[in-house]
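Dear colleague,

Please find below the structure that I am handing over to you.

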Amino acid sequence: MVETARADATVVRARRNRTSDMGKDKLRKFRENETFRCMIQPATSEVLDCDHPLKGKWGSDFFGNDKPIVLELGCGKGDYTIDLAERNPSCNYIGVDIKGARLWKGAKYAEEHGLGNVAFLRTRIEFIESLFAPGEVAEIWITFADPQIGREKKRLTAPLFMNRYRNFLKSGGIVHLKTDSRYLHEYSRAMAEQNGLEILASAVDIYGADRERLYESGLSSLCGRDAVDALFEVQTFYESQYLAQGFPITYLSFVADHEGDYLSPEWDEDRWKDENHHFVIPSGLPVASKFYPGQ
Ligand SMILES: C[S@@+](CC[C@H](N)C(=O)[O-])C[C@H]1O[C@@H](n2cnc3c(N)ncnc32)[C@H](O)[C@@H]1O
């Protein structure tokens, strides 16, 4: 009995130490984040119902050039931000996430490798309109976002968010969505179709898709072969975990141009209720009649 109690106490102590080590590591990263030039951490008072000083001035005041700006929303450790920035020095890349300890990894890399075309923005995506001016952003990447099942208002490709993005995307601006969630993929495609958006590429299993056909797609003609290559060659932190579990990875891109507010697609939540959202298409869901490269 005494032995068991002692063993239990040891486990609790070890757990507590691990937790406090994790806490210390986060604090160290937060402190280091303060020293990174590429890391912007707006106070709530700078973005809540007001414009941040960098809004409309990322080119002139931060990057010092007028190259196109590409965002990665919910970037986590910034895997796409970093990789795309290294592949394509002719664009500026900004990774956006609320979690400082995750952003630290990408920011540290950008600092150590002198990547002048990278910034990380620690903020809630809900504040994004306070940070970018009309026409300031050319493309958005959404990588492995939470599908927010049953919570459309929190979904990053829902009309609520699309209406925000529209306020700062250039005409012809592009949204890329890479996700393990078939639910999020199908919802986003339905949203694009509902609003008559031009779909550039769509694949329900990107690693099984034909790269040559994607080179011939609208994605390649608008974003270059590099964007296609990045789909196959860059794996985010979350993506590698989903791949290890055998989940197919989906991809969708579309041109966001739209007159007026975006509308929600017809979307039957109940159909998905009992399914594994990673890869099952609920029975009875109409199969898209159009052909999309890579499908
Ligand atoms: C599932 S993770 C994916 C991270 C990364 N893209 C990857 O693939 O490894 C989702 C990320 O989105 C961020 N996120 C979710 N909602 C957010 C919001 N409203 N504002 C800012 N970041 C958010 C989370 O902090 C998290 O890092």
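**The core around I140**

In this predicted model, I140 is in contact with L71, L73, Y165, V175 and H176, leaving aside its neighbours within four places in sequence. I140 also belongs to the largest nonpolar core, which holds 72 residues; together with L71, L73 and I142, I140 touches the most other members. Helix 7 (residues 182-194) supplies the largest share of this core, namely five residues.

**The sheet and its helices**

The model contains an open sheet of eight strands with mixed pairing, in the order 1-4-3-2-5-6-8-7. Its edges are formed by strand 1 (39-40) and strand 7 (199-203), each of which pairs on one side only. Strand 1 pairs with strand 4 (residues 118-122) in the parallel sense, over two bridges, and I40 stands opposite L121 in strand 4.

Helix 4 (residues 79-87) lies across strand 2 (69-73), strand 3 (92-97), strand 4 and strand 5 (137-143), and runs at about 175 degrees to strand 3. Helix 5 (residues 100-112) lies across strand 1, strand 3 and strand 4, at about 165 degrees to strand 4.

**The ligand**

Which residues are the closest to the ligand? They are G74, G76, F144, T236 and Y238, out of 18 residues that surround the ligand. By class, this shell comprises seven nonpolar, four polar and seven charged residues. Helix 11 (residues 237-244) gives the most to the shell, with three residues.

Yours sincerely

Notes. Residues numbered from 1 in each chain as written. Predicted model: local features only at pLDDT ≥ 70, side-chain atom pairs only at ≥ 80, totals over all residues. Near = placed C-beta within 6 Å. Helix = DSSP H or I, 4+ residues; strand = E, 2+ residues; numbered from the N terminus. Nonpolar A, V, L, I, M, F, W, Y, C, P; charged D, E, K, R; others polar. Pairing = 2+ DSSP bridges. Contact = placed C-beta atoms within 7 Å. Axes fitted to C-alpha atoms, helices over the stretch in contact; angles between N-to-C directions. Core = buried A, V, L, I, M, F, W, Y, C linked by C-beta atoms within 7 Å. Buried ≥ 20, exposed ≤ 12 C-beta atoms within 10 Å, placed from the backbone.
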